[in-house]
Amino acid sequence: MSNLLECKNLTKTFGSTIALWDVNLEIGHGRIIGLLGPNASGKTTFIKLCNDLLTPTKGEILIGGDRPGIRTKGVVSYLPEKTYLNDWMRASDIIEFFKDFYEDFNPAKAYDMLGKLNINPKDRLKTMSKGTKEKVQLILVMSREAKLYLLDEPIGGVDPAARDYILNTILSNYSEDATVIISTHLISDIEKILDDIIFIKEGQVVMNKTVDEIREESGKSVDALFREVFKC
Amino acid sequence: MLGKLLKYETKATARSFLPVYIAILLFAFINRVINPFEQVGDTTGVTIEGFSFLNMMRIASVVIYFALIVATIAMTFVIIIQRFYKNLLGDEGYLMFTLPVKTWQHIISKLLVSLLWTILSFIVIVSSVLVLIRVDNLFGEIVRIIGEGRRFFGDVFLILAPISSLIGSTYFILTVYNALSIGHLFTKHRILASFGAYIGIYIFTQIVLTIFIFATANAIFQPLAQSDLPIHAQILTLMISMMVLYSLLGAANFASANIILNRKLNLE
């Protein structure tokens, strides 16, 4: 099967600062991938490039054979680290919004998840706490039946109980041939759900392996290996 | 997709405009009923006791009415800027720019909705004045004024005047969008940079206008300046050439903003 996501010599610089340098990657279907690296290693830049929020300085990204653009946006579901919700909307309004713009959005799923988390769809987003907004955002993103999910720090701002719920949500909401890329530095929390890991350091991929390979070769957990690779 | 963007853009802005429009018309009507202008102007027999609660109300309703008019004009400007800056270049941009929609459609949807509110704000303010001032035979007066305009400027003017103000507004809004986009190219002090960009574009426009006036002085401006009562054809030539010029400048602003948002987008 052809690759879902491909990067060729992908480079992004901001002035003289290098954010990503000559990254080559091939990512297949049906994987849950941890994009792991310390702060400022290029994780967010990579995800933004995939979403057409940044333009590569050199090289290219192909998602399902297309460069990031209108076609890829229809099949990529993206959770940014920012809260992007309009304050004036109610949760039900933003569900309508997603339904209008994304063909793969399933409103029933979204309402169901809101109910499970005791979030009233008639509540205004303005009155919600930061954590609740993050949950609403994740619900919206995971209610799409997308081919590729790009989740930038999805568990950074929520409590451990919600963290478990979110990881379960991710696990139970993506279809077999869809791929999920999760960027985080909270490795121990997500280690158990990962198939593959990509270690990224100073804008370069330093390791790209399956979790099983890591366990077999080094006998270590991903968390332990991370601490070793990125030792300060 | 453009239709959907327009729908949400209208929804997002209507919340701010509609209440103010209703308030203006309401206060125009209140002022018409209690007719405070006569009272405020009439100082004969004004005593401390005469300064009653009713008088206070009259003054208050006039003040509120004018404050609402100022607020509407200010709000129209602020929302033109804010919708572009916040919804596209702020955090909300993370959602807007990952929708399966072309960048130019975002710009056009913001532009069209801004134009809609500019026109509506104008209509509401003019109507409120008409409600307020009790013109006898209002319709007859309007017909008379339009007749005067036709006699002086010619028939075509009646069609060209609204079109040219529309082009002027479009040009202004696109200049603001372009200035905000240029400001976005900077990593720090983006708002300050946007101000600078606006001034830069303004100066550029003035230079283009000056060159245009010098280049066409013989054809357009000399006859206009020399004739006592300008003839219709002269006014027409001037208006049409200005309209073409501002359309081109507007298109340049649009193209610049579109290129920047497409290739140089860098949300914080």
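Let me begin at one pair of residues: in chain A, Val76(A) stands opposite Leu148(A), which lies in strand β6(A). Strands here are DSSP runs of E, at least two residues long, while helices are runs of H or I of at least four residues, both numbered from the N terminus. Two strands are taken to pair if DSSP finds at least two bridges between them. What we are looking at is a predicted model, in which local features need pLDDT of at least 70 and side-chain atom pairs count only at pLDDT 80 or more, whereas totals for chains, interfaces and linings use all residues. Residues are numbered from 1 along each chain as its sequence is written, and chains are lettered from A and ligands numbered from 1 in the order in which they are written.

Val76(A) belongs to strand β5(A), residues 76–79. A residue is called buried with 20 or more other C-beta atoms within 10 Å of its own, exposed with 12 or fewer, and partly exposed in between, the C-beta atoms being placed from the backbone.

I turn now to the sheet around this pair. Six strands of chain A form an open, mixed sheet in the order β5-β6-β7-β3-β8-β9. Its edge strands are β5 and β9 (204–210), each pairing on one side only. The twist averages 15° from one strand to the next. Further along the order, 4 bridges join the parallel strands β3(A), residues 32–36, and β8(A), residues 196–201; there Ile33(A) stands opposite Asp196(A).

Chain A has another open sheet, of 3 strands in the order β2-β1-β4, with antiparallel pairing. Here β2 (17–27) and β4 (58–63) stand at the edges with a single partner strand each, so one side of each is left without a neighbour in the sheet. Strand β1(A), residues 5–14, is joined to β4(A) by 5 bridges, and Leu5(A) stands opposite Ile63(A).

Which residues does Leu148(A) touch? Not counting residues up to four places away in sequence, they are Leu4(A), Leu5(A), Ile63(A), Val75(A), Val76(A), Ala178(A) and Thr179(A). A contact means C-beta atoms, placed from the backbone, within 7 Å. Leu148(A) is also among the residues with the most contacts inside the largest nonpolar core, together with Tyr149(A), Leu150(A) and Val180(A); that core has 97 residues. Such a core is a set of buried Ala, Val, Leu, Ile, Met, Phe, Trp, Tyr and Cys residues joined through C-beta atoms within 7 Å. Its largest share, 8 residues, comes from helix α7 of chain B, residues 155–184. A second, separate core of 8 residues includes Ile24(B), Tyr65(B), Leu68(B) and Val124(B).

Finally, the two chains together. Their contact takes 17 residues from chain A and 18 residues from chain B. On the chain B side, α1 (2–34) and α4 (93–96) each supply at least two residues, and α1(B) gives the most, with 4 residues.

Within chain B, the axes of α1(B) and α5(B), residues 103–133, come within 9 Å and cross at roughly 10°. Axes are lines fitted to C-alpha atoms, for helices over the stretch in contact, and angles run from 0 to 180 degrees between N-to-C directions.

Methods: Contact = placed C-beta atoms within 7 Å.
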